[in-house]
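Please walk through this model with the structure open.

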Amino acid sequence: MENTDINISALENIDIDKLLRNAIKERIEKLMEIELNAYLEDNPGIKNGKYKRDLKTKYGEIKQLNIPRDRDSNFHTQVIEPYNRSIGMEDLIVSMYSNGISTRRIAGILEDILGNKYSKSTVSRITDLTMEEVYKFINRPLDKRYIAVFLDGLFFYLRRGNVDKEPVIFALGIKETGEYELLGFYLTVKESHNAYKDVLEDLYNRGLKEPLLIVADGIKNLDEEVMEIYPGSEFQLCTIHYTRGLKSNVREKDIEEITIDANKMFKCDNKEEAIIKFNDFKNKWENKYPKVIYNTEKNLGKLLRFYNYPSSIWRSLKSTNAIERFNGEVRRRVKTISSFPDEDSAMKVFYYKSIEYNSKHAFRKMNGYYKCKDEIKEMFQKRYPL
């Protein structure tokens with residue numbers, strides 16, 4: 001039987017001129033066009049032609065590669081890194097895999113590109129080379145101080161004998177200097193406060209000792225776990241999760257009105273005004289929905305904690321929106337995979353998306369950071385004196 005596994009080094013013997021001028025250029029351009037079409041299905045925008053770029057490969061240089069773009073320049077192809085002028089076949093395989101394309105499908109795409117058979121097992125071996133980097137990433141040391149740490153989970157399908165839904169918990173931080181950083185991801189069988197406690201303990205053991213604020217949704221007893229591990233920090237209950245939760249506790253005809261009234265608490269000029277808005281909310285709805293008012297009042301301190309921080313960053317701190325946007329990107333990739341065959345396969349995809357996020361946000365500051373960086377510095381000094 002013919003051996004269908006091809007060593008990467010064997011590619012050097014391919015007719016480079018014919019390969020580059022025809023098949024590879026054509027297929028890579030097609031992949032990027034498919035990417036843009038998929039992007040525009042989920043995001044507002046329109047196509048805006050193409051721009052030319054040369055691309056170096058291990059097998060020669062592709063001249064005048066046509067890179068598609070949208071009018072607002074928000075689309076960035078995942079086949080080629082934005083500032084990288086070269087790509088190897090391993091890079092192409094990893095890029096496709098990280099975007100949810102199965103190893104079997106990648107093998108088919110490479111067969112189209114190269115005219116040679118790349119087996120599923122060959123592609124798997126290439127992606128397996130990254131597991132060492134995965135463990136380096138999830139065990140790397142972290143900064144000591146973070147302005148905020150956001151925790152949120154999503155569910156995906158994983159095979160452990162049978163296929164079932166399991167959660168992965170992501171931790172996202174805002175550095176003392178204002179940049180966002182994906183800190184880690186955690187596969188766990190159940191989304192519980194104990195699972196989140198394990199996440200917090202891992203962050204602490206990796207060097208994150210002095211956060212100002214931990215932001216998460218309504219996981220029972222999570223605030224107590226935060227105070228146990230980080231007694232110098234504060235806990236913020238996600239205001240968006242809170243208002244979403246109202247929908248399951250009020251009648252359909254009241255949802256819009258009660259949500260508008262509840263949100264008034266989170267759009268005030270200060271905490272004192274927010275408490276007045278809560279009292280208005282309570283007086284209006286207590287007779288009709290006493291359980292809603294009871295739970296809101298019980299959690300009011302955690303819902304309004306963001307008011308303790310500079311007003312220029314309230315919007316960034318009062319919900320888990322920052323990490324939910326990242327989760328949305330991961331969820332779109334996971335949807336293309338019916339189920340992961342094992343933990344390693346899932347971890348590789350979460351790793352690829354994490355390093356992609358950190359690369360994009362390496363120099364991006366939190367909105368409003370420059371207006372309050374001196375106040376933030378003072379808060380760290382007061383909260384964690386030397």
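**From core to pocket**

The largest nonpolar core has 88 residues. Leu 151, Phe 170, Phe 185, Leu 203, Phe 281 and Phe 350 touch the most other members of it. The model is a predicted one. Strand E4, residues 145-160, gives the most to this core: 9 residues. A second core is separate and has 6 residues, among them Ile 28, Met 32, Leu 55 and Leu 65. In soluble globular proteins, nonpolar side chains tend to be buried together.

What does Phe 185 touch, leaving aside residues up to four places away in sequence? Its contacts include Val 134, Phe 137 and Ile 138. Val 168, Ile 169 and Phe 170 are also among them.

Ser 354 deserves a stop. It lies in helix H15, which spans residues 343-360. Is Ser 354 buried or exposed? Its relative accessibility is 0%, so Ser 354 counts as buried. The side chain of Ser 354 reaches the backbone oxygen of Phe 350 at 2.7 Å. Beyond four places in sequence, Ser 354 touches Phe 137, Phe 170, Leu 182, Phe 185 and Phe 326.

Now turn to the second largest pocket. Its volume is about 590 Å³. The lining has 25 residues, and Gly 218, Leu 237, Tyr 242, Asn 295 and Asn 299 are the closest to the pocket centre. Which elements each supply at least two residues of this lining? They are helix H7 (222-229), strand E8 (234-237), helix H8 (239-246), helix H11 (290-298) and helix H12 (300-303). H11 provides the largest share, with 5 residues. By class, the lining has 9 nonpolar, 9 polar and 7 charged residues.

Next comes the backbone. Asn 221 sits in the loop between strand E7 (210-216) and H7. Asn 221 is not a glycine, yet its phi is positive, at about 70°. Its relative accessible area is 28%, so Asn 221 is partly exposed.

Ser 73 also has a positive phi without being a glycine, here of about 60°. Look for Ser 73 in the loop between strand E2 (60-70) and strand E3 (86-87). Ser 73 counts as partly exposed because its relative accessibility is 49%, and the exposed class begins only over 50%.

Terms used
Residues numbered from 1 in each chain as written. Predicted model: local features only at pLDDT ≥ 70, side-chain atom pairs only at ≥ 80, totals over all residues. Heavy atoms only, no water. 1 Å grid on protein atoms, 1.4 Å probe; cavity = no way out; pocket = protein on both sides within 12 Å on 5 of 7 lines; lining within 4 Å. Points joined across faces, edges and corners; volume = space filled by probe spheres on them. Helix = DSSP H or I, 4+ residues; strand = E, 2+ residues; numbered from the N terminus. Nonpolar A, V, L, I, M, F, W, Y, C, P; charged D, E, K, R; others polar. Core = buried A, V, L, I, M, F, W, Y, C linked by side-chain atoms within 4.5 Å. Buried < 20%, exposed > 50% of the residue type's maximum accessible area, 1.4 Å probe, protein only. Contact = heavy atoms within 4.5 Å. Polar contact = N/O pair within 3.5 Å; in protein donor to acceptor, adjacent residues only side chain to side chain.
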